[in-house]
Structure formats: C-alpha cells, structure tokens
Amino acid sequence: MRVTHGMLASQFLANYERSLARLDRLQGQLATGKRVLKPSEDPVTAVMTLRGQAELRAIEQYRRNGDTLLSWVRTTDAALFEAEDLFKTLREKMVQGASDTLGEQSMAALAAEIAQIKEQFGAIANTSIGGRFLFAGTNTGEPPYGPDPADPTKMVFREAAGPAVQNPGGNDAVIEATLKPGIDLPMNVIGKTLFNTPDRNGDTFFAFLDKVVERLKGGQTVGDLLGALDDHEDRFLRTHTTLGAVENRLEMMMRRLEGEAAITEELLSRQADVDIAETITRLNMQENVHRAALATGARVLLPTLVDFLR
C-alpha cells in the first residue's frame, strides 16, 4: 500500500488529539483530585461514589442532630444540678421552720427566703437555649413559668391547652432527635411532669412552695410538709438519673457516628480520589510523549517539493 503525505498527516492528527485528550484527563484529575471526571468513564464507580456521598451527608445530618440534642441535654443537666442544690437549701430552711421555738420574725425571714427559692425554681422552669424553653414540651416559644391564668397574683408552671398564643405554658409532648434510622432520643424533660405532678398532699411543686411560705408567714411550723418535699425532690432526682442515661447513650452514638463518618470518607477516597503522586508521574510522562509526538510530526510532515529542491 502506498503511504502518502496526506495519510501521514491524518494519522498524526488522530494521534495528536488522543494525546491531548490524555493530557486533558490527567490535568482534570489533578485539578479535581477525582479519578472519575464524568459518569460515562466508569458508571459503576460513579454510582458507588454518589451513594457514598449521600450516606456521608446523612451521617453529617445525624451528627448535627446529635450536637443539638447534646446542647439541650447538657443545659437541662445543669438546670437540674442547680435544682438539687436548691433542694438542699430548701430542706435546711424547712427543717428550721419545723421547730416551734422560732419567733414570728424568724418565721417571716424563712418565708422570705423560701419565696426567693421559689423564684429561682421558676427561673429553672424557664431555662432556655437559643430562645427555646427546655421544659415547655413542644411549646418551646412560650415560658411555662408565669402568672396563673386563674389567679394572676400567683406564679405557677402553666400548662398549654391549645394554641400557644392563647394558652401559654408547657405541654407533655416529647421532642425527639433522630440519630440513625429507627433511633430517636428524647431532647426534652417534660416540665409539666416535673413541676405539676401532685405530691402526697395533692399539691404541685409551686403550690407546695406557696403553702410553705404561707405557713411560715402565719407563724406555723412546716415539719409535716417534709414528706411532701421528699416526693418532689425524689421526682427531680429520678428525672436527673434518666437524663444522665440519655446523655451517656447520646455520647456513645456520637462516637459511633464519628467512626462511621471516618470509614465512609476513607471508602469514598479509595473509590473516587486519585493517587496524586502517581497522577503527576503519569502527567509528566504524557507530556514527554506529547512533546516527542509533536517533534516527530514536525519532522515527518516537513518535507515538501521546495525542500527537495534546496
């Protein structure tokens, strides 16, 4: 077969375009750090990469949910620790008020101190994070502790019985955070249960404190109310214990999610990322091949009739 200069030129251009394409692909891999630049190059790897990226995004969302839950739990934990300290002070004052040897002025002073303790418990009931009240159930936009709708002169833990705008207060709904499919952990402690569960005398917590204050103001002892104090304190302690169990499980789940994220990222890297050192070496080799091809093409395509007449 007779080989013409036109055939040589066509073959050279075809090889030249293939060489440019290889250079372009290697440069694209270095620029993006990805082995597969478009799905058509490796459909199986592309699908696996997309699935891995979707899984990683889901894990990151679960971790964000966990961070939010952890903030709620730790803030609630701090509030319950403060409540336990207040119970110690409250018990000390009530034990003093159980003695009938105290004078009226001493009784009145104890009543004033316990009234201040009640207000501090009210502040605990209105604990918030990011403008959301932790003990209000799902009605997080409204402070649950406030004036009693039936008697505005008294401060109580209000219960929401309808739309938040018309019925401010807390409900008994649980807010849950999803940490994995099928794994939902409660974010909130139900303040309605914590503060409005009746004691052995039928009084809610703030009504109990009001009774103590009224007794002391009237010069009466409060020794018979220590049993009711035990009821309320025990409920706070049980709630705190349950919260601690949730916090422990949450921390374990967060560590697990962190491990899953690391494993998923490693698998994605193996599937989709290029070996930088290898790619740079291949790019240098391809550049040398490309230069050699250009030089060879220039020599092969150079001769013309004028060249032969020199």
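Phe87 and Phe236 are both buried. In this predicted model, their ring centres lie 5.0 Å apart with the planes at 65°, so the pair is edge-to-face.

**Aromatic residues**

- Phe236 also pairs with Phe205; this pair is tilted, at 5.6 Å from centre to centre and 55° between the planes.
- Phe205 is placed in helix 5 (residues 205-217) and Phe236 in helix 6, so their pairing ties together parts of the chain that are 31 residues apart in sequence.
- Phe205 has a relative accessible area of 0% and is therefore buried.
- Phe236 has a relative accessibility of 2%, so it counts as buried, the cut-off being under 20%.
- The count of aromatic pairs comes to 14.
- One aromatic cluster is formed by Phe87, Phe121, Phe135, Tyr145, Phe157, Phe195, Phe205, Phe206, Phe208 and Phe236.

**Helix 3**

- Helix 3 covers residues 104-125, and its 22 residues should span 32 Å at 1.5 Å a residue; the C-alpha atoms at its ends are 31 Å apart, which agrees with that expectation.
- The buried residues of helix 3 are Met107, Leu110, Ala111, Ile114, Ile117, Lys118, Phe121, Gly122, Ile124 and Ala125.
- Viewed down the axis of helix 3, these buried residues fall within an arc of 150°, so they line one face of the helix.
- Gln105 and Gln116 are exposed on the other side of helix 3.
- Phe121 is buried in helix 3, and Phe121 is also one of the members of the aromatic cluster.

**Strands 3 and 4**

- Strand 3 (residues 145-148) pairs with strand 4 (residues 151-157) in the antiparallel sense, over 4 bridges.
- The two strands are joined by a hairpin, with 2 residues between strand 3 and strand 4.
- Asp148 has Asp151, in strand 4, as its bridge partner.
- Gly146 is located in strand 3, and its relative accessibility of 2% means that Gly146 counts as buried.
- Leaving aside residues up to four places away in sequence, Gly146 touches Lys154, Met155, Val156 and Arg158.
- Gly146 and Ala125 are separated by 21 residues in sequence, and their C-alpha atoms are 9.7 Å apart in space; Ala125 is among the buried residues of helix 3.
- In a regular strand, side chains alternate between the two faces of the sheet.

**Lys180**

- Lys180 lies in strand 5, which comprises residues 176-180.
- With a relative accessibility of 18%, Lys180 counts as buried, because the limit for a buried residue is under 20%.
- The side chains of Lys180 and Glu260 are joined by a polar contact of 3.0 Å.
- Beyond residues up to four places away in sequence, Lys180 touches Tyr62, Met253, Leu257 and Glu260.

Note on methods: Residues are numbered from 1 along each chain as its sequence is written. This is a predicted model: local features need pLDDT of at least 70, side-chain atom pairs count only at pLDDT 80 or more; totals for chains, interfaces and linings use all residues. Side-chain values use heavy atoms; hydrogens and water are left out. The expected span of a helix is 1.5 Å times one less than its number of residues. Buried means under 20% relative accessible area, exposed over 50%, partly exposed in between (1.4 Å probe, protein chains only). The arc is that of the directions from the helix axis to the C-beta atoms. A polar contact is a pair of N or O atoms within 3.5 Å; within protein, one must be able to donate a hydrogen and the other to accept it, and residues adjacent in sequence count only if both atoms are side-chain atoms. Contact means heavy atoms within 4.5 Å. Two strands pair if DSSP finds at least two bridges between them. Rings of Phe, Tyr and Trp (its six-membered ring) pair if their centres lie within 6.5 Å; planes under 30 degrees apart count as stacked, over 60 as edge-to-face and the rest as tilted.
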